[in-house]
Amino acid sequence: MITKVLEAGNHTATIHFILLGFPTRPAFQLFLFFVFLATYLLTLLENALIILAIRGDRQLHKPMYFFLSHLSFLEMWYVTVISPKMLVDFLSHDKTISFNGCMTQLYFFVTFVCAEYLLLAVMAFDRHVAICKPLRYPVIMTNQLCGTLAGGCWLCGLTTATIKMVFIARLHYCGKPHINHYFCDISPLLSIPCEDPSQAERVDFFLALVVIAIPLCVVVASYATILSAILRIPSSHGRQKAFSTCASHLTVVILFYSTTLFTYARPKLMYTYSSNKVVSVLYTVIVPLLNPIIYCLRNREVKAALKKTVLCKGSRSRGDVALSN
């Protein structure tokens with residue numbers, strides 16, 4: 001176990017954290033282990049297949065699917081930051097995490113959450129241009145702009161996480177702090193230091209407001225104009241076709257934004273860790289699992305590309321076996 005020694009006042013504090021996780025009976029812990037392991041592996045498989053399908057099918061070399069591949073790549077790492085440690089804790093009595101390990105987990109978690117907020121807003125803008133300005137879509141959504149927008153999402157996520165960590169990592173923690181969560185999240189960490197965390201809380205609140213409010217405004221404005229454009233289409237078939245191109249993304253946005261807003265946009269007095277852990281499972285485990293399924297069910301092009309990818313892989317494997325025989 002890695003420890004960090006900090007000077008807190010006139011005494012030395014050896015620091016590691018204890019993650020309380022889900023305090024249940026050992027038999028139920030084992031059940032949760034297998035459930036979350038299956039969910040984690042399935043999430044990795046689904047998102048990897050989507051990336052392979054988009055890369056391997058020329059029909060999907062479009063801005064919408066370019067951003068979708070970034071979303072899938074992001075969510076593979078997003079679940080990997082949290083799930084392995086959580087799975088180990090289900091099987092172990094020692095639920096400690098080192099200071100460095102906790103800060104590293106928090107840094108990448110914040111990076112991926114912020115990047116996903118921004119990426120979903122960029123995808124909403126892409127749908128706005130496709131539906132409201134279809135003739136100018138190829139001119140506006142160039143490869144250069146798409147690459148810049150995607151890179152900007154990752155850069156903003158990394159920058160936001162770095163600024164937050166500068167203020168959180170320098171707080172002093174005494175004794176053996178217990179984190180009432182299954183991973184290192186900001187709110188539980190800011191509730192246990194042995195010094196005033198108000199400066200870190202203000203920085204966290206301001207950055208969260210910027211990272212959540214601006215993308216949310218972009219999403220709302222984009223879909224307001226999309227809805228207005230769809231309602232002006234004379235035929236019901238045309239309206240249905242136009243709406244189907246953004247239905248998957250809208251569903252993903254509602255799932256991710258509603259669960260994260262419930263967690264991070266509530267006043268501190270309303271914050272309860274028991275309910276928060278349940279909601280956190282939704283956006284850290286369930287939503288990344290559901291997103292690829294939603295895109296497959298609602299999008300014929302992705303569904304067809306996935307079938308082609310799976311069938312090609314299967315036929316290659318059978319061909320290799322036949323040649324070896």
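Leaving aside its neighbours within four places in sequence, which residues is Pro215 in contact with?

What we have here is a predicted model, where local features need pLDDT of at least 70, side-chain atom pairs count only at pLDDT 80 or more, and totals for chains, interfaces and linings use all residues. Residues are numbered from 1 along each chain as its sequence is written, and side-chain values use heavy atoms, with hydrogens and water left out.

Okay, the overall layout. The chain has 10 helices and 4 strands; those are DSSP runs numbered from the N terminus, H or I of at least four residues for helices and E of at least two for strands. Walking along the sequence, you read β-β-α-α-β-α-α-α-β-α-α-α-α-α. Of the 325 residues, 46% are buried, and buried means under 20% relative accessible area, with exposed over 50% and partly exposed in between, using a 1.4 Å probe and protein chains only.

Now, the UniProt record. Its unreviewed entry lists several stretches as "transmembrane region", including 65–86, 145–167 and 205–230; such annotations may be inferred rather than shown by experiment. In the model, 65–86 is 100% helix, with its end C-alpha atoms 31 Å apart. Residues 145–167 are also 100% helix, and there the ends lie 33 Å apart.

Back to Pro215, then. You'll find Pro215 in helix 7, residues 198–231, and it counts as buried because its relative accessibility is 1%. And those contacts, meaning heavy atoms within 4.5 Å? Beyond four places in sequence, they are Tyr117, Leu118, Ala121, Val210 and Tyr257. Take Ala121: it sits 94 residues away from Pro215 in sequence, yet 5.1 Å away in space, C-alpha to C-alpha.

Next stop, Ser69 in helix 2, residues 63–91. At 15% relative accessibility, Ser69 is buried too. A polar atom of the Ser69 side chain lies 2.6 Å from the backbone oxygen of Phe66. Not counting residues up to four places away, Ser69 touches Ile51 and Ile54.

Last bit: the nonpolar core. By that I mean a set of buried Ala, Val, Leu, Ile, Met, Phe, Trp, Tyr and Cys residues joined through side-chain atoms within 4.5 Å. The largest one has 91 residues, and Phe17, Leu68, Phe109 and Leu189 have the most contacts inside it. Helix 3, residues 99–132, gives the most to this core, with 20 residues.

Conventions: Contact = heavy atoms within 4.5 Å. Polar contact = N/O pair within 3.5 Å; in protein donor to acceptor, adjacent residues only side chain to side chain.
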